[in-house]
Amino acid sequence: AKTMEETMTYYVGGLLLALATGGVAGMRRCLRPARYLAFLPASIAFSSSNFLTYIAVRGLGASQFYLLAQTRVVLLAVILRLWAGVRQTPLSWVGLVQLACGVVVLVWYKSTYSEADRCNWGPYSDSGITNGTVAYVSLHGAGPGRLTK
């Protein structure tokens, strides 16, 4: 429903803009079937992308999705370098490598630690917790003997 609402705001906004700038003739130009057929593949791809984005955000969480979505920047830079010969500055490449490393660390962390923030060490073990109660370990300063539960 949200995807349809967003798409309709673009459609209605475009029609209002055409009416405001070109009058009735401008609106007629927007309503020609040939124009819709020309942009139909792009429109379907855009709407599908929006729909799948909502599903991905719901499944991954907003912060993880945003970080993973940034990999397209790295991919685009590599493709442009190989295909079109576009050169980036060394500082840009350093930033792109940092972004790629951040995504790799996130994926590794998520695949290795399925239950994040779980403490399974000695007296701080969470294994005795029942009834869905969440325990947390807080750090009060640095150094040994300062860890409390």
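Trainee: Which residues lie nearest the centre of the largest pocket?

Mentor: Those are Tyr11, Arg35, Tyr36, Phe39 and Ser43, out of 13 lining residues. Here a pocket is an open set of points on a 1 Å grid over the protein atoms alone, where a 1.4 Å probe fits, with protein on both sides within 12 Å along at least five of seven lines; lining residues have an atom within 4 Å of a point. Do keep in mind that this is a predicted model: local features need pLDDT of at least 70, side-chain atom pairs count only at pLDDT 80 or more, and totals for chains, interfaces and linings use all residues. Residues are numbered from 1 along each chain as its sequence is written, and side-chain values use heavy atoms, with hydrogens and water left out.

Trainee: Which elements give two or more residues to that lining?

Mentor: Helix H1 (2–30) and helix H2 (33–60) do. H2 supplies the largest share, seven residues. Helices are DSSP runs of H or I with at least four residues, strands are E runs of at least two, and both are numbered from the N terminus.

Trainee: And what is the volume of the largest pocket?

Mentor: About 460 Å³, taken as the space filled by probe spheres set on the points, with grid points joined across faces, edges and corners.

Trainee: How do the lining residues divide by type?

Mentor: Nine are nonpolar, three polar and one charged. Nonpolar covers Ala, Val, Leu, Ile, Met, Phe, Trp, Tyr, Cys and Pro; charged covers Asp, Glu, Lys and Arg; the others, Gly among them, are polar.

Trainee: Staying with H2, is Asn50 buried or exposed?

Mentor: Asn50, which is found in helix H2, is buried because its relative accessible area is 14%. Buried means under 20%, exposed over 50%, and partly exposed in between, with a 1.4 Å probe and protein chains only.

Trainee: What is Asn50 in contact with, leaving aside neighbours within four places in sequence?

Mentor: Thr3 and Glu6. Contact means heavy atoms within 4.5 Å.

Trainee: Switching topic, how many disulfides are there?

Mentor: A search of the whole structure gives zero, a disulfide being a pair of cysteine sulfur atoms within 2.5 Å. Cys30 has a relative accessible area of 30%, so it counts as partly exposed. Cys101, at 44%, is partly exposed too.

Trainee: What about the overall fold, in what order do the elements run?

Mentor: From the N terminus on, α-α-α-α-α-β-β, which comes to five helices and two strands. Of the 149 residues, 11% count as buried.
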